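Thanks for coming. I will go through one structure, starting with a sheet and ending with the cores.

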Amino acid sequence: MGRDQATEFWIDRGGTFTDIIAARPEEALQTMKLLSENPDQYADAAVEGIRRLLGLEGNRPIPPELIRSVKMGTTVATNALLERKGEPTVVVLNKGLRDVLQIGTQQRPRLFDLEIKPPLQVYERTVEVSGRLSVEGIELEPLDEQQAEHDLRSAFAAGFRAVAIVLMHSFRFPQHELRIADIARRVGFTQISPSHEVSQLIKIVPRGETTVVDAYLSPVLHRYVGRLHQALPQVPIYFMQSNGGLASAALLCGKDAILSGPAGGMVGAVKAAEKAGFQKIVGFDMGGTSTDVTHFAGQYERRSESEIAGVHLRVPMLHIHTVAAGGGSICRFV
């Protein structure tokens, strides 16, 4: 069978249910819904759905020639952020800036609250490094690589494997970040997110917040993608990004996948509405873990700054309101 005649799979992997659609040339669409987590029955819902829709029994390998491609939207990153189940992360900052991300911009959305509760940060440990570049790129203070390596080895020994590197003026002059990244790689960190690669913003706070989220969520995504590639070798796999576009699984990173599933839902809702003759819609997508609300009036609404689960991000994404309340949520009145 040629790849052009093979089956294409469209998958929405939510926190509670996974929906799989099989599209074969000149045949009606087939669908299947499975629990996203059911370890007693299968290791992964998406792979199990593909196996069942292909009519394969047991756990024998899936022939890659039967699959044209897999395109997926997932809330793996969304739910990891909402439930604070990302990778334990250490952030590297310039000496004296230990609290810069905790302080943030000092905006007060609830101006008259007498007790201000700062948002919980997703990183758990901070490393301050001596070394500073000026805004013109002049080295005002040399980087203390020996101390940086000592502190990173201490963090590694404590169990940290993800590091976010956020230094002053590195959006333009990344020399010190690159050297710290090399040290972290030598120490053994498996997830290294330098801010000049993640988010080239001039301001350190939004650049740092975005970089920390990338380090926090990317390992979760990479582990999931790795399991898919192991089960579906040689199969092209694409993921929906928060901006509404598809990306190869190999290029997917945490900062771009937070609204992967909701973005797929929004694009699907718009296409379904257009076929029904509607150009203006409000989308309401309640899953088992979270609820997403969207608006469309002839064009996709996008934003470059977002706040999700108390975390600020500066990345292009569709304008989607997400709250941690789904059909499976339990509410209590105290």
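Let me begin with a hairpin, in which 4 residues connect β13 to β14. This is a predicted model, where local features need pLDDT of at least 70 and side-chain atom pairs count only at pLDDT 80 or more, while totals for chains, interfaces and linings use all residues. Residues are numbered from 1 along each chain as its sequence is written, and side-chain values use heavy atoms, with hydrogens and water left out.

Helices (H or I, at least four residues) and strands (E, at least two) are DSSP runs, numbered from the N terminus. Two strands pair if DSSP finds at least two bridges between them.

Lys280, for instance, has Ala297 of β14 as its bridge partner. On to β19, which runs antiparallel to β14 with 4 bridges between them. There, Val323 of β19 is opposite Thr291.

Together these strands make an open sheet of 3 strands in the order β13-β14-β19. Its edge strands are β13 and β19 (320-323), each pairing on one side only.

Now the cores. A nonpolar core is a set of buried Ala, Val, Leu, Ile, Met, Phe, Trp, Tyr and Cys residues joined through side-chain atoms within 4.5 Å; buried means under 20% relative accessible area (1.4 Å probe, protein chains only). The largest one has 61 residues, and Phe9, Ile50, Ile67, Val70 and Phe239 have the most contacts inside it. Helix α7 (residues 204-231) supplies the largest share of this core, 12 residues. A second, separate core has 19 residues, among them Val92 and Phe160.

Notes:
Buried means under 20% relative accessible area, exposed over 50%, partly exposed in between (1.4 Å probe, protein chains only).
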